[in-house]
Amino acid sequence: MQRLDESSDTGVVVNLGDWLQKYAFDVIGNITFGKRFGFLDHGEDIGGLIQALEKRRVFTSLSGVYPFLHGLTFRVMSRLPGSGAAGFAYLSEFGQAELARHKAKAGLSLQADDGPIPQVDRFLNGHSEKPESFPMHAVLAHSMGNIFAGSDTTGISLTAIVNNLCRNPETVEKLRAEIEGHVSNTRSPEALTFKEAQSMPYLNAVIKESLRLHPATGLPLFRKVPAGGASIIGQYFPEGATVGINTWVAHYNEDAFGPDAPIFRPERWLEADSRQLSLMEQYNFPFGLGARNCLGKNISMLEMSKVIPQLIRNFDFQLEDPTQPLQCENFWFVKQTNFRCQVIRRKAP
Ligand code: HEM
């Protein structure tokens, strides 16, 4: 909020997507290690981490599509100047240092009285209980996995939500009315709790509709066909075949969402009858589906549902050029590249 206040004071046009990504990074750092990276505190890309992830996006996405090239290209890439290796070294050092800090107090009982328990402490407890099945390298891998899986994705999803709000003032009005209705009934008017946010149907429809139109991942979610093969919509696939569907295809399916599928219309989630709603739910999976679906879904829903009402209550966002469509790049994460707007602090009502 302080950073956006500053932008409002100076009137500069900012890349809001950058700020939302910094927010997502700091929150997931806090949840995982009990410590923010400090992107928001310092207002900058600490250790060049965001830039490093940016540089690796092309490489990691192509490695996923052509895994047989990974061994060779990884070695070459790591030696190239400008590969983002320094940023990765920073992240790795941050993770190792945090792990050491938490290891030093391992064995102490985990109590929520001192605030939320960082996930790394839970991982360390899991390690001391079953060191063979949950070795120390898994503690680091899971902690860093949170950072990789939960920063870009949440930043992209938040940017998608705010972009839709910028382009649909009537949605903002409805959302503000819902928020104000709730705030007058709450104990802490400044920050809605997750529970309060969850009880706001329009807010949840706005989030759902934004993630439908802009799912953070833009390549198929691949699966291996199990033993015995499988028939999918009348087509037989032998066992071991790789099959998958891209969420961007499923989410724009007019058979499920109607002819206005490409349009941002949160109301569709509130108006649909139970048959239509169930069809739409089946075709809407921004967090994936089945046994390997997103482990961080609830965390990111918490992050988004708490911050969006705060942003909308306090600021107006004016696109630098509303005639320009949002530009994106798809390297597994579909990242917005030109979400530039002016932040205007709203006057107290
Ligand atoms: C809006 C934010 C997010 C989106 C859109 C998202 C999306 C996804 C998607 C599409 C998958 C693949 C699912 C599949 O193949 O069925 C996935 C997997 C995963 N996500 Fe997320 N994610 C988000 C946030 C997070 C956060 C905050 C965390 C960590 C705290 C996280 C941790 C994971 C992990 C660990 C997996 C792998 C699960 C597995 O393979 O078993 N995600 N996510």
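Predicted model: local features only at pLDDT ≥ 70, side-chain atom pairs only at ≥ 80, totals over all residues.
Residues are numbered from 1 along each chain as its sequence is written, and side-chain values use heavy atoms, leaving out hydrogens and water.

V58 has a relative accessibility of 35% and so counts as partly exposed, a label for values between buried (under 20%) and exposed (over 50%), with a 1.4 Å probe and protein chains only. Together with L62, V65, Y66, F68 and L69, V58 forms a nonpolar surface patch with about 570 Å² of accessible area. Such a patch joins nonpolar side chains within 5 Å, taken from residues with over 30% relative accessible area and no salt bridge.

Now turn to the ligand. It is surrounded by 22 residues, and the closest are R223, G288, L289, R292 and C294; a residue counts if one of its heavy atoms lies within 4 Å. Helices α8 (136–150), α9 (152–167) and α17 (297–314) each give at least two residues to this shell. Oxygen atoms of the ligand lie 2.6 Å from a side-chain N or O atom of R223, 2.8 Å from a polar side-chain atom of R292 and 3.1 Å from a backbone N or O atom of L289.

Next come the charged pairs. Side chains of opposite charge can pair when their charged atoms come close. The structure holds 20 salt bridges, each a side-chain nitrogen of Lys or Arg within 4 Å of a carboxyl oxygen of Asp or Glu. One of them joins E281 and K208, with their closest N and O atoms 2.7 Å apart. This pair links distant parts of the chain, as E281 sits in helix α16 (residues 274–282) and K208 in helix α12 (residues 201–213), 73 residues apart.

Another salt bridge connects the side chains of D260 and R265 (2.9 Å, N to O). Salt bridges with shared partners join E209, R212, D260, R265, R268 and E271 into one network. R265 itself is found in the loop between α14 (254–257) and α15 (268–271), and is partly exposed because its relative accessible area is 28%. Beyond its neighbours within four places in sequence, R265 is in contact (heavy atoms within 4.5 Å) with E209, D260 and E271.

Key:
Helix = DSSP H or I, 4+ residues; strand = E, 2+ residues; numbered from the N terminus. Patch = residues over 30% accessible without salt bridge, like charges linked within 9 Å, V, L, I, M, F, W, Y side chains within 5 Å. Areas by Shrake-Rupley, 256 points an atom, 1.4 Å probe, with all protein chains shown as cover. Polar contact = N/O pair within 3.5 Å; in protein donor to acceptor, adjacent residues only side chain to side chain.
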